[in-house]
Amino acid sequence: MWKHANVLSVPKESILNSLNQLRPISLTDIIMRLFERSVFKTEIAHVTRHAIDSDQFASKEGHNSIMALIKCQHTWLRWLEGDAKYVRVLSFDFRKAFDSVPHDILCEKLKKLPINPYVINWLISFLEDRKQRVVVDGIETEYLNINRGVPQGTVLGPVLFSIMVNDIKTVNPINQLVKFADDMTLEVPGMKTEIHPKPKWTVYKHGLKITRMSLNMEKTYEMIVRRNIPTLLPDPFPFIKRRTWLKILGITLQDLPSKWDLHFDEMLKKASARMYIMRVCKYYGFQIKQLDMLFNTLIMPIITYGIELWEGAYFNKYISQIDKFINRAHRNGYISEKLNIKEISIKRDKKLWDKVIHNKDNVLQELLPDKLNRHLRPRGHEFELPLVRTERFKSSFVNRCLFNFV
């Protein structure tokens with residue numbers, strides 16, 4: 001029972017065209033998941049907090065996907081503010097990432113961590129002799145033995161995967177690699193003064209080769225982030241498709257940093273589709289308090305996800321669309337009061353900003369400028385205000401907060 005799992009297929013996308021769009025999620029016994037969480041919090045979390053590098057944002061306390069995206073965006077804009085003509089952004093995808101982890105390599109990595117040996121033995125046992133079956137519409141297959149991979153859907157699965165890929169680094173320290181579990185983004189500045197080498201990635205740690213986990217080249221893409229001026233772009237990499245946009249961790253980013261057309265179109269399309277639920281509930285007599293709760297649960301998460309990232313977008317072109325959407329919902333009686341997206345974004349900025357500046361271990365601290373070396377009037381923070389040439393860089397999260405909460 002402890003090592004048995006039912007595999008459910010969860011759609012990655014709303015319109016299914018192939019089986020590759022399904023994500024297998026392993027559902028284990030609830031008692032086992034509670035025990036996993038207990039072991040993780042008491043024996044593993046404090047070790048992985050320091051053993052897993054800062055380029056990994058998944059399964060680490062105080063880290064999330066938005067912080068990973070903020071780091072990406074800030075770095076791109078900082079490079080473009082400096083000597084970079086463009087930034088090459090490569091989004092990597094492992095082929096069946098969680099299912100292809102070799103147990104022997106992962107166990108060797110676990111043994112090198114400063115974790116209680118008894119817990120390491122338990123983790124190794126956790127991986128061994130697992131069985132799973134597929135369940136679809138109540139129909140169950142026979143259990144099969146699993147000799148590789150980490151179960152996706154468990155508490156420890158993402159942590160073990162993060163340990164597995166921790167050795168993936170950029171060869172050139174100028175480049176930046178950002179990881180969120182199996183989602184990896186490599187960023188390479190194209191400098192004006194030199195021909196920058198092609199981006200590479202490699203693995204260290206005593207010759208352990210992570211190439212036993214292969215890349216899915218069909219889902220590996222490149223985007224060239226550039227200024228809003230004509231730029232001579234580099235030749236594309238062989239076997240890697242180039243796009244003018246990338247969807248990274250749920251946010252659609254475009255090659256021109258000030259453009260958010262694709263993201264706002266998709267966001268408002270999803271929100272509008274869920275308004276149908278609101279109309280049906282109102283028709284069947286739901287009270288306004290219940291409708292408020294539904295709106296805040298079903299629709300506002302779609303609208304506010306990543307708001308720290310795109311809050312600096314042009315108001316009249318982009319953000320005003322959200323205000324119009326919310327005002328229309330209020331006018332039709334789906335919510336009791338109008339919500340101001342600008343006020344919401346300021347509150348979200350302040351909440352994350354306080355976490356960044358008051359926690360010295362916060363990964364976004366490395367994006368902050370130096371602290372003031374002189375005493376001035378009381379201020380909201382003690383950092384120097386950066387000299388920023390462009391409005392697009394000034395409106396990025398860190399710089400926006402530096403100037404707004406001074």
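In this predicted model, the lining of the largest cavity comprises 6 nonpolar, 3 polar and 1 charged residues. The residues concerned are Gln73, Trp76, Leu77, Val225, Thr252, Leu253, Gln254, Pro257, Lys259 and Trp260, and the elements that supply two or more of them are α2 and β14.

In soluble globular proteins, nonpolar side chains tend to be buried together. The largest nonpolar core of this model has 66 residues, of which Trp76, Leu253, Trp260, Phe295, Ile299, Ile303 and Phe325 touch the most other members. Helix α2 (residues 65–81) contributes the most to this core, namely 9 residues. A separate core of 44 residues includes Ala45, Val101, Leu113 and Leu160.

Helix α6 (residues 261–283) spans 33 Å between its first and last C-alpha, close to the 33 Å expected for its 23 residues. Its buried residues are His263, Phe264, Met267, Leu268, Ala271, Met275, Met278 and Cys281; they pack against β14 (251–254), α7 (288–304), α8 (307–310) and α9 (315–331). Beyond four places in sequence, isoleucine 299 touches Ala271, Arg274, Met275, Met278, Leu294 and Phe325. Just after α6, glycine 285 adopts a positive phi of about 90°.

Key: Residues numbered from 1 in each chain as written. Predicted model: local features only at pLDDT ≥ 70, side-chain atom pairs only at ≥ 80, totals over all residues. Heavy atoms only, no water. Helix = DSSP H or I, 4+ residues; strand = E, 2+ residues; numbered from the N terminus. Expected span 1.5 Å × (residues − 1). Buried < 20%, exposed > 50% of the residue type's maximum accessible area, 1.4 Å probe, protein only. Contact = heavy atoms within 4.5 Å. Core = buried A, V, L, I, M, F, W, Y, C linked by side-chain atoms within 4.5 Å. 1 Å grid on protein atoms, 1.4 Å probe; cavity = no way out; pocket = protein on both sides within 12 Å on 5 of 7 lines; lining within 4 Å. Nonpolar A, V, L, I, M, F, W, Y, C, P; charged D, E, K, R; others polar.
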